[in-house]
Amino acid sequence: MPRGAGAELPTTLTGAAVAIADKLDTLVGIFGIGMLPTGSKDPYALRRAALGILRILIEKKLDLNLVETVKFAVTQFGAKIKPAGLAEQVLDFIFDRLRARYEDEGVDVAVYLSVRALQPASALDFDQRVQAVQAFRKLPQAAALAAVNKRVSNLLSKAEGSIAQTVEPKYFDNANEFSLYSAIQQADHAVQPMAAERQYSESLARLAMLREPVDAFFEAVMINAEDANVRANRYALLSRLRGLFLGVADISLLG
C-alpha cells in the first residue's frame, strides 16, 4: 500500500482493491465520528490515505466511480457514524488532495479548478481531463477562447428566465449567427465520438477551431437585441457553444 508520494503501488488488482477499501474505511470511519484533520494536524494520516487512493486509481488506470464507492462505504458503518452529508464531505476531502498533487507536478491551479467545476466521479477521468486542459492551454487559440467562455458564462448567468434548449435559425438576422451556428453543429458532430472515448485532448483541439467564427460573431452581433425572440435565440446559441467546452472542463476559469 502506498504510504507516500513515491511509495510503491500494489502490483495486483486484488492488492489495489484491498488498499483502496482499507483507506476508504479509514476515511469514512474517522470523518464519521467528526475527527477531521485541522491545519497541520492529521493524527490519523487521512491526507496520506486520500492521496494513496488517488495514486492507485490514476497510476494504475482504474476507472472507479468514487461517488458511488464512498456512498457504499458510508452505508457499511450503519448507526456507528453520522451519515448526513458524510459522503460529500469525504469526497470533497479526497478530490481536494488532487490540487496539491497537480501543483507539485507544475500544473496551474486554474487547470485543476476548471475540471473540479464539473465534479467528475472518477479520479482517472479527472486526471485525463486535467492533462487535456494542460495541452489546450498551449494552443494559440486557448487564451481567447477562455476569455470568450468567461464572457459567455457571465452573459448566461444574467439571462432572464430559462434559456431555450434549441436554437431557431429563423430568428437569425446576421450572417455571423449562421456561421457560428454551422460551426457549432459541425464541432458537436465531431467531438461526440471523442467524448465517448474520453479523447479530451482531441476534443479541445477540435473546439479550438471555433475561435474564428466566435470572434466574428461577437464583433458583429449585439447579444441583447431589442426583439425578445432574437435575443433569446442568441442566448440559446451561446449556451450551445458553452456546452461544448463544458464537455471537458470549464475553461472560463483559465482566464
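## R129 in helix α6

R129 sits in helix α6, where helices (H or I, at least four residues) and strands (E, at least two) are DSSP runs numbered from the N terminus. In this predicted model, local features need pLDDT of at least 70 and side-chain atom pairs count only at pLDDT 80 or more, while totals for chains, interfaces and linings use all residues. Residues are numbered from 1 along each chain as its sequence is written, and side-chain values use heavy atoms, with hydrogens and water left out.

With a relative accessibility of 11%, R129 counts as buried, the classes being buried for under 20% relative accessible area, exposed for over 50% and partly exposed in between, computed with a 1.4 Å probe on protein chains only. Leaving aside residues up to four places away in sequence, R129 touches V115, L118, P120, Y200, G247 and V248, where contact means heavy atoms within 4.5 Å.

## The loop between α5 and α6

The loop that joins α5 (109–116) to α6 (123–136) holds S122, and Q119 is found in the loop between α5 and α6 as well. S122 is buried, with a relative accessible area of 5%, whereas Q119, at 61% relative accessibility, counts as exposed. Although Q119 is not a glycine, Q119 has a positive phi of about 55°.

A polar atom of the side chain of S122 lies 3.2 Å from the backbone nitrogen of L124. This can be read against the rule for a polar contact, which is a pair of N or O atoms within 3.5 Å; within protein, one must be able to donate a hydrogen and the other to accept it, and residues adjacent in sequence count only if both atoms are side-chain atoms. When residues up to four places away in sequence are not counted, S122 touches D63, L64 and R198.

K61 has its place in the loop between α2 (46–59) and α3, and K61 is exposed, with a relative accessible area of 63%. The phi of K61 is near 55°, a positive value in a residue other than glycine.

K71 belongs to helix α3 (residues 66–75) and, at 39% relative accessibility, counts as partly exposed. Between K71 and V18 there are 53 residues of separation in sequence and 17 Å in space, taken from C-alpha to C-alpha.

## How α8 packs with α10

Helix α8 (residues 175–196) and helix α10 (residues 211–220) pack with their axes 9 Å apart, at an angle of about 150°. Axes are lines fitted to C-alpha atoms, for helices over the stretch in contact, and angles run from 0 to 180 degrees between N-to-C directions. The helices α8 and α10 are therefore roughly antiparallel to each other, since angles over 145 degrees count as roughly antiparallel, under 35 as roughly parallel, 65 to 115 as roughly perpendicular and the rest as oblique.

On the α8 side, N176, E177, S179, L180 and A183 meet P213, V214, A216, F217 and A220 in α10. By class, this contact of α8 with α10 has seven nonpolar, two polar and one charged residues, with Ala, Val, Leu, Ile, Met, Phe, Trp, Tyr, Cys and Pro counted as nonpolar, Asp, Glu, Lys and Arg as charged, and the others, Gly among them, as polar.

## The chain as a whole

The chain has 11 helices and zero strands, and 44% of its 255 residues count as buried. Taken along the principal axes, the C-alpha atoms of the chain fill a box of roughly 65 × 35 × 30 Å. Among the contacts in the chain with a separation of 6 or more, residues 24 or more positions apart account for 71%.
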